[in-house]
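Subject: Structure for you to look at

Hello,

Here is the structure I said I would pass on. Please open it beside this message and follow along; my notes are below it.

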Amino acid sequence: MRITKKHLSRRTVLKGMGVTVALPFLDAMLPAGKAYATTAAGASSSRVRLVAMEMVHGAAGSTAIGVKKHLWAPEKVGSDFDLSGTSLSPLEPFRNDVTIVSNIDVRNAEAFTLPEIGGDHFRSSAVFLTQSHPKQTQGSDLWAGTSLDQIYAKKAGQGTPLPSMQFCIENLDQAGGCTYNYSCAYTDSISWASPNEPLPMIRDPRVAFEMLFGQGSTAEERANRMASRRSILDWIGGEVERVRRQVGSGDRARLDRYMDNVREIERRIEAVEAHNRSGEQRAMPEAPAGVPDSFSEHMKLLFDLQVLALQSDMTRVISFKTGRDAQNRVFPESGSAQAFHPASHHGDREDRVMEFNKITKYRVGQLAYFLEKMKAASDGDGSLLDKTLIIWGSPMADPNIHNHRRCPLVLLGHANGILKGNMHLKAPDGTPMANVMLTLLHQLGLDDMKTFGDSSGEFSLSPTAATTAG
């Protein structure tokens, strides 16, 4: 790379053997005399980032007992709500970045025919971002819908090195058919490029790291670089110094923080790999060496990689599947010793609902780490959280009866002003989740979409919706 002026292209990358590192937004990337908002980099319609995350298998707050006790949605609508007794209480420090949408349904995840009854675990994930009813098949004739993230990626992701990235936590590489005559493809992905094209998801942090920082190199170069046991930053040290000399003090500090974050994540991945290859017994022996046995550490690593991907504009669209419906994983950090799936079948007993709520709250609590990192990451005239729409929800409501009414949904961030935050919006009974997603697509600039899934119209994201919904 040769830099002859202080102005840098937004697509400036630093290259070394087997390494390509894109940069975060720097002031030096602004043309002289132009404000951020007047540049292409500041164009809001193309700069909104999208992160869509599935919380599988519903929530304790969507049960009849949970609704009465307000375990998910708070009692009050509008901005004067109390999160203290809800599963969302870990998000209280970020309440100004939170928009709760309650009382919405995902009916396309329900059984439409007699043979589909009981197959909710094996079709729900395919419904979440498509809001479409999957065809029951174990063959190659899959059919669901094009997912929201991929619709947006076609608009906002074509100018980035990676149009979109897909992440997951659990083992989702099952081939062939799952139970109830559904292909495992329906449970393995939440991102669909077309109604018959589910996209693969990344579980291993090492794979994601190489996608972000090994672009443009040959397999041999990457192998040699990894065999050297040197940090990727060692291969671009001269390039980094050259950039530092060309930019101002604010940009130098920003660049240093970014490179420190890259190195810290690299160290953590190396530490996980070293531990998992040490011969010590693993909790998840089938997982790749780069996957931590700890759920929270795995979530944090993938969250950190997502922040880097967005900050460097390697991609603007991310989906994240944070579990698998029928998994039997135990989450000891939640305070519950029960396995996830058995705990979800609570039998409408209040003590067991409250036990499952510990797991729900723990899983939601992982978001706080991501929100803190997004808020700390600067991007032009604001933070990444200001520029991002984060969707966190589930296509299932009460997991005990595989119900899809009153499904959890919370929107986070501000999406360049689309969301004001500090808001609880309660939808009228029978409102499809697809209405919310159709509205979000319109707000993201896809005005030509008339319907999405089983939508019946738009859903107002303004405070008036909260006061009129009751």
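**The sheet and its strands**

Strands E4 and E12 run antiparallel and are joined by 3 bridges. Helices (H or I, at least four residues) and strands (E, at least two) are DSSP runs, numbered from the N terminus. Two strands are said to pair if DSSP finds at least two bridges between them. In general, strands of a sheet pair through backbone hydrogen bonds, either parallel or antiparallel.

Before going on, please note that this is a predicted model, in which local features need pLDDT of at least 70 and side-chain atom pairs count only at pLDDT 80 or more, while totals for chains, interfaces and linings use all residues. Residues are numbered from 1 along each chain as its sequence is written, and side-chain values use heavy atoms, with hydrogens and water left out.

Back to E12: the bridge partner of Val 98 in that strand is Leu 412. E12 also pairs with E11, in the antiparallel sense and over 5 bridges. There, Gly 393 stands opposite Leu 409 of E12. Buried means under 20% relative accessible area, exposed means over 50%, and partly exposed lies in between (1.4 Å probe, protein chains only).

These strands belong to an open sheet of 7 strands with mixed pairing, in the order E5-E8-E3-E11-E12-E4-E13. Its edge strands are E5 (165-168) and E13 (423-432), each of which pairs on one side only. On average, neighbouring strands of this sheet are turned by 15° against each other, direction ignored. Angles run from 0 to 180 degrees between N-to-C directions, and axes are lines fitted to C-alpha atoms, for helices over the stretch in contact.

E4 (residues 98-105) pairs with E13 in the parallel sense, over 6 bridges.

Helix H4 (residues 148-156) lies across E3 (49-54), E5, E8 (317-321) and E11 (388-393), and runs at about 165° to E8. H10 packs on the sheet too, touching E3, E5 and E8, and its direction makes about 170° with that of E8. Contact here means heavy atoms within 4.5 Å.

How many of the residues of H4 are buried? The count is 7 of the 9, so H4 is largely enclosed by the rest of the structure. Among the buried ones are Leu 148, Ile 151 and Tyr 152.

Helix H14 (residues 433-443) is mostly covered as well, with 10 of its 11 residues buried. Those buried residues pack against E4, helix H3 (124-128), H4, E11, E12 and E13. Just after H14, Gly 445 takes a positive phi of about 100°.

Ile 391 is in strand E11. It is buried, with a relative accessible area of 1%. Ile 391 and Val 51 are 340 residues apart in sequence, but 6.2 Å apart in space, C-alpha to C-alpha. Leaving aside neighbours within four places in sequence, the contacts of Ile 391 include Val 51, Phe 128, Leu 148, Val 410 and Leu 440.

**Two helices together**

H9 (residues 249-276) and H10 (residues 295-311) pack at an angle of about 150°, with their axes 11 Å apart. The residues that meet include Tyr 258, Ile 265 and Arg 268 in H9, and Glu 297, Leu 301 and Leu 308 in H10. By class, this contact has 8 nonpolar, 2 polar and 4 charged residues. Ala, Val, Leu, Ile, Met, Phe, Trp, Tyr, Cys and Pro count as nonpolar, Asp, Glu, Lys and Arg as charged, and the others, Gly among them, as polar.

**Cysteines**

The count comes to 1 disulfide, a disulfide being a pair of cysteine sulfur atoms within 2.5 Å. Cys 178 and Cys 184 form it, with their sulfur atoms 2.0 Å apart. The torsion about their S-S bond is about 110°, so the disulfide is right-handed. Both Cys 178 and Cys 184 are buried.

Cys 168 counts as buried, at 2% relative accessibility. Cys 407 is also buried, at 2% relative accessibility.

Regards
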